[in-house]
Amino acid sequence: IIFSFSGGFASFANVAWRRQNVSFTAAQMRPRCCKSLVPRLEVGRSIICQCSADGNYHLAEILKKKTNEDEDERYYVHFINFPSRLDEWVGIENIDLEGEKDVDGAERKTRSRDEPQLEVRDPLTAQHEHGQPDREQAVKNIESVVFGFHRFVEISTWYPSPYPEPYILKARRVLTCEFCLRYFREKRLFLAHKEYCHYRHPPGLEVYRHGGHSVFEVDGATSKVYCQCLCLLARLFLEHKTLCFDVECFMFYILTREDAQGKHIVGYFSKEKVCPMGYNLACILVLPQYQKGGYGRGLIQLSYELSRRTNTVGTPERPLSDLGLRGYYSFWRSVLLQELLKLPSRSCVSVSELAARTALKAEDVSYTFRRMGVLSSEQGQHVLNLSAEFMGSISVSKPQFEILPEFLEWPVPSNPAYQCTRVGPYYRLKYTHLGNVYHSAEGSSSSRGGGG
């Protein structure tokens, strides 16, 4: 009896030990000597790290570190000479501690040094021009956005966005209604929202409709909450955007695509109601799931069409991101080449004349021709070298998507209902409705950088 009891106790202890062993984590099963062999990687240190975008090793800088539930350290890194949208969290297994990996593409630039550039600044210094960059704000606070209403798509974010903490509670994923743009941290809250959400298209005035696409003009003063939600969403994919809440002085032009469920937002651009600098566009965004479809060029075309109808020349607000500069250069080049093809042979044309015909700013025309290699300076004057060989090589392809001006119902407001004036260091908005005059709350001009 004693032998059988001891044997049963031994088998019971063995089963209990196995159950306890199964619950051990990977960090608990790792030998204790492994952590002592790993050097301490502090914030600000330069390392060689593998990038998930291309699988190669590049020179990177550690911006932040944390410890997960398995007691493993994770590092948030920025890859040198690469856009900040590629920043990501990596583990120790993605870091080359021995220095044996080839740094493929670490010295690669997004554009050559000899190439003329518009003003493109680093996002860390663009948001903090009068001090050291705040690296805490450069870390993504949201990893992905679940976007939709009937059908959903999960989009990985590129940059941090100042979503209010009481609403998201440090959630790594945010659910967003594609019609009203309200955001939620939990699925049950979003499902409850669907019961009473009546939006099926953006608020505001529909100024364009053709081929299943529409453009809505939304006033930031009358649809303030919608525009704020739009700016918070756009900040996840725009590098230089800093204004997300003071939207009263901006107009938003939202491009949508229609189906049986409603009109789904594709992208947008914003512009100031009154801009002394002459900017016809403050911010522009095409959602990642709709990119490479020509919608960015269509939005840029719409901004210049509005400038043309007001008999003004326009230019985008600086700084431009790398994707924004690429899109604008492609548009400027195609527009200028089309104008050159319309000129009769042996005719003379100046940069100012081309700017007046296309509603482009003269500086943008000069930049485009200089980048094409046909503009030179002789005796202090700009000269276009349009040879017969160059004119014969011009070929302009049809864009994937374009705004047809004949379907744009946008009259020039001779007496606009809104007026935005500067009062000292503040901006005050005044708009009229049914003969009454209202004044909005004043907002500091120090937080206006980056556009609407």
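This is a short tour of the model, stop by stop.

**Before you start**

The model is predicted, so local features need pLDDT of at least 70 and side-chain atom pairs count only at pLDDT 80 or more, while totals for chains, interfaces and linings use all residues. Residues are numbered from 1 along each chain as its sequence is written, and side-chain values use heavy atoms, with hydrogens and water left out.

**Stop 1: the whole chain**

Show the cartoon. The chain has twelve helices and 21 strands. Both are DSSP runs, numbered from the N terminus: helices are H or I with at least four residues, strands are E with at least two.

Of the 452 residues, 43% are buried. Buried means under 20% relative accessible area, exposed means over 50%, and partly exposed is in between (1.4 Å probe, protein chains only).

Contacts come next (heavy atoms within 4.5 Å). Take those with a separation of 6 or more: residues 24 or more positions apart account for 57% of them.

**Stop 2: a hairpin**

Select residues 205-210, strand β9, and residues 213-219, strand β10. They pair in the antiparallel sense over five bridges. Two strands pair if DSSP finds at least two bridges between them. Click Arg 209: its bridge partner in β10 is Ser 214. Two residues lie between the strands of this hairpin, and Gly 211 takes a positive phi near 60°.

**Stop 3: aromatic rings**

How many aromatic pairs does a search of the whole structure find? It finds 13. Rings of Phe, Tyr and Trp (its six-membered ring) pair if their centres lie within 6.5 Å; planes under 30 degrees apart count as stacked, over 60 as edge-to-face and the rest as tilted.

Select Tyr 304 and Phe 331. This aromatic pair is stacked, at 5.5 Å centre to centre with 20° between the planes. The pair links distant parts of the chain, 27 residues apart: Tyr 304 is in helix α8 (residues 295-309) and Phe 331 in helix α9 (residues 322-342). Both Tyr 304 and Phe 331 are buried.

Then select Phe 152, Phe 184 and Phe 190. They form one aromatic cluster.

**Stop 4: charges over rings**

A charge sits over a ring if NZ of Lys or CZ of Arg is within 6 Å of the ring centre and within 35 degrees of the ring normal. Show Lys 194 with Phe 149: the charged end of Lys 194 sits over the ring, 5.2 Å from its centre. Next, show Arg 371 with Tyr 329. Here the charged end of Arg 371 is over the ring, 3.9 Å from the centre.

**Stop 5: cysteines**

The structure holds zero disulfides (pairs of cysteine sulfur atoms within 2.5 Å). Cys 227 is buried, at 0% relative accessibility. Cys 275 is also buried, at 18%.

**Stop 6**

- Pro 319 is in the loop between β15 (315-316) and α9. The peptide bond to Pro 319 from Arg 318 is cis, with omega near 5°.
- Asn 81 is in the loop between β3 (73-79) and β4 (88-91). Its phi is positive, near 65°, though the residue is not a glycine. Asn 81 is partly exposed, at 29% relative accessibility.
- Ala 359 is in the loop between α10 (351-358) and α11 (362-372). Its phi is about 65°, again positive without being a glycine. Ala 359 is buried, at 3%.
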